[in-house]
Amino acid sequence: GSIAKTEEEVIKFISESSLYAQFVPEEDIVDKVKATIANLKELGFIQLETEKEDYRPTENNRDCYDWEMYCTTYLGEASYHSCFTPTEALLVINELERTRQEGLILDDQLHLVFLMTPMFNIPRIQNWEKYCAKYDKLSPTRKTIANRIGLPVYYIRKRGDGESGRVRSKSSQENLRMERTATRFYCALALCELIQETKV
């Protein structure tokens, strides 16, 4: 079962952990717990249920729990079992939703390999000039895949020319997404060559 199903139980659980000792006064951690729960609910990771048959309050704590408890959504369950943070989970779900809307390119296995390539803890690109040269040699299908996943050619060209690649009209989050996508795409290209047993 769950460790905690209500806001009060979450606060009680946290108050018995070593994390609790880092917050003074007590109101600080209570406010943070409440804000976190509200944020998780807004993002769709948890939802509030009422009058659940297998978890009714007793006479002594009826006023405290008010017959309401939190449970995880499908997104919350998937994030937990994948060991993703909420931020990471949202990136994954947004990418999958984008693929669902725009379609999966099956003419080349690169699109599938890209989706299987981890988003996090992958090495950064060290030589963008070589990356740019490799991109220029890609087939039209693979360039279409790059565009479909949100990797514009101008970004690779700017990085290949030694520029930062940042686009002033884009938010810092969007610029970070493009850099992450470019890195994953490069790794996906390498994985494709490995799968195809391309000679080096």
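User: Which helix gives the most to the lining of the second largest pocket?

Analyst: That's α5, with eight residues. Before we go on: this is a predicted model, so local features need pLDDT of at least 70 and side-chain atom pairs count only at pLDDT 80 or more, while totals for chains, interfaces and linings use all residues. Residues are numbered from 1 along each chain as its sequence is written, and side-chain values use heavy atoms, with hydrogens and water left out.

User: What makes something a pocket, or a lining residue?

Analyst: It's done on a 1 Å grid over the protein atoms alone: points where a 1.4 Å probe fits but cannot get out form a cavity, whereas a pocket is an open set with protein on both sides within 12 Å along at least five of seven lines, and a lining residue has an atom within 4 Å of a point. For the second largest pocket, 21 residues pass that lining test, and Leu91, Asn94, Glu95, Met119 and Arg177 lie nearest its centre. The elements giving two or more residues to this lining are α5 (86-102), α6 (110-116) and α10 (172-195). Those names are DSSP runs numbered from the N terminus: helices are H or I with at least four residues, strands are E with at least two.

User: How much space lies in the second largest pocket, and what classes do its lining residues divide into?

Analyst: About 370 Å³. A volume here is the space filled by probe spheres set on the grid points, which are joined across faces, edges and corners. The lining divides into six nonpolar, seven polar and eight charged residues. Nonpolar covers Ala, Val, Leu, Ile, Met, Phe, Trp, Tyr, Cys and Pro; Asp, Glu, Lys and Arg are charged; the others, Gly among them, are polar.

User: And what does the largest pocket look like in those terms?

Analyst: Its volume is about 1100 Å³. It's lined by 32 residues, with Ala4, Val10, Leu40, Ile46 and Thr72 closest to the centre. Two or more residues come from each of α1, α2 (26-43), β2 (68-72) and α4 (74-81), and α2 has the largest share, six residues. By class, that lining holds 19 nonpolar, eight polar and five charged residues.

User: Why is Asp108 called buried?

Analyst: Its relative accessible area is 16%. Buried means under 20%, exposed means over 50%, and partly exposed is in between (1.4 Å probe, protein chains only), so Asp108 makes the buried class. Asp108 sits in the loop between α5 and α6.

User: What does the side chain of Asp108 make a polar contact with, and how do you know it counts?

Analyst: The side chain of Arg142, at 2.9 Å. The rule asks for a pair of N or O atoms within 3.5 Å, where within protein one must be able to donate a hydrogen and the other to accept it, and sequence-adjacent residues count only if both atoms are side-chain atoms; 2.9 Å is inside the limit, so the pair qualifies.

User: What makes a nonpolar core, and which residues in the largest one touch the most other members?

Analyst: A core is a set of buried Ala, Val, Leu, Ile, Met, Phe, Trp, Tyr and Cys residues joined through side-chain atoms within 4.5 Å. The largest has 22 residues, and Leu110, Tyr131, Leu151 and Phe185 touch the most other members. α6, α7, α8, α9 and α10 each give two or more residues to this core, and α10 gives the most, six. Apart from this core lies another of seven residues, among them Ile14, Ile29, Val30 and Ile46.
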